[in-house]
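Morning, everyone. I'll take a few minutes on the charged pairs in this one. Have a look at the slide.

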Amino acid sequence: MHPAKAAAAAVTTLIGIGAAAVAAARYAGDAALKASPGRPSPGDPRVTVHATAAGQVTLTRGLATLRPGTYGLEGEGPAGEGVHAVVGPVLDAVPHEAHTVVRRLERVTRGSLEPGAKVRLTPQVHTGDPRSALGLDFEHVEVMGELGALPAWFVPGSRTTWVIAVHGLGTTREHPLNVMGLLHRYRLPVLDLGYRGDPGAPRSPDGLAHLGDSEWRDLDAAIRHAVRQGAERIILYGWSTGAAMAVHAATSSAVRHLVRGLVLDSPVLDWEATVRALAAARRTPAALLPLAVRAAQGSTGPHGDRLREAADPNGLRVPALIFHGPGDTVAPWGPSRALAAARPDLVTLHTVPDASHAAMWNADPAAYEEALRRFLTPLM
């Protein structure tokens, strides 16, 4: 081939490869941000139910099924029917094969848990609403946000300090039910918010999650709703992207002076790191991860800068309790440690060593609730 033609062909090939890489990165970036509520977080493994017996279930052995604590177990039965159960600690003393693990079976809340079912561990222990799950009286309410009406559950309490609870990645309004009973015992009114992209709520205009960067305005609307209903002080309680929403609201809301405390569970404080983790969990090649992050930023805006500004330790004005740990592969806990180290006067970091993303309560409910009690008592 003539040298000029060979060079042209090589350039054309490189351009084609580059265009393909960009397209793949754009796809990966968008896919990372399309995690809808109730959809498993990427990387959460499905495991098989091998056997059941009175008060116990045998599952495929792995890091997820060996974690300490209490979890929901959800998936599909052999016939495709929906299944939800609750499992407790690992039962090491029960005989089992080397490739399995036996956990205590607390209850089956939906469907039938049978051998062959494909399930995953989830931090959502409860299903239903506050009444059906916990026996708590509540109201269905609508919060008017900038995109339309947002569904919420309101559990009344006698205090004028309200808790606004906001779930995160891969979960729904059922996730805050894990701590709803505790909050109710302290007579704190609780508003459990559904936000853009949730079932019954408006979709984000681009159809993508923004990891709290735009969603926080729905939380701002919830604060205003609470004030109109008689709240005098607000505690924002968020998991994952819900925690990022709380950080944004506490620093950017025009009514932020009403926010008296933050509870942040597995907070997304590094936008790029979380997008990278989500894209990697969807099997994006390592070489494309930087492009996937930039593609996600191009689709949704330069979120990293705004989140870093919102999470600036110098901007924090209220006490914050952070539940986080090194086992979180979705939202790295380094930024949580850095925030706690920079503001020891305001931030308490409760480290949970053996917990996956947004499952800090699940790993040790008693220790979690005691830390929460100590934090909330002076704020009530």
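Start with helix α12, residues 365–376: Arg-373 and Glu-370 both sit in this helix, three residues apart, about one turn of it. Helices here are DSSP runs of H or I, at least four residues, strands are E runs of at least two, and both are numbered from the N terminus. The two side chains form a salt bridge, with the closest N and O atoms 2.6 Å apart. Salt bridge means a side-chain nitrogen of Lys or Arg within 4 Å of a carboxyl oxygen of Asp or Glu.

The cut-offs are under 20% relative accessible area for buried, over 50% for exposed, and partly exposed in between, with a 1.4 Å probe and protein chains only.

A word on the source. This is a predicted model, where local features need pLDDT of at least 70, side-chain atom pairs count only at pLDDT 80 or more, and totals for chains, interfaces and linings use all residues. Residues are numbered from 1 along each chain as its sequence is written, and side-chain values use heavy atoms, leaving out hydrogens and water.

Now the wider count. How many salt bridges does a search of the whole structure find? Ten.

One of them joins Glu-146 and Arg-217, at 2.8 Å, N to O. Glu-146 lies in the loop between β7 (139–145) and β8 (148–155), and Arg-217 lies in helix α5 (residues 216–228), so this pair ties together parts 71 residues apart in sequence. Glu-146 is partly exposed, at 49% relative accessibility. Arg-217 is partly exposed too, at 33%. Both belong to a network of salt bridges that links Glu-146, Arg-196, Arg-217 and Asp-218.

Next pair: Arg-233 and Glu-232. Their salt bridge has its closest N and O atoms 3.6 Å apart. Arg-233 comes in at 22% relative accessibility, so Arg-233 counts as partly exposed. Glu-232 is partly exposed at 46%.

Last, the whole chain. The secondary structure comes to twelve helices and 14 strands. Of the 380 residues, 53% count as buried. Take contacts, meaning heavy atoms within 4.5 Å. Among those between residues at least 6 apart in sequence, 75% join residues at least 24 apart.

That's it from me. Over to you.
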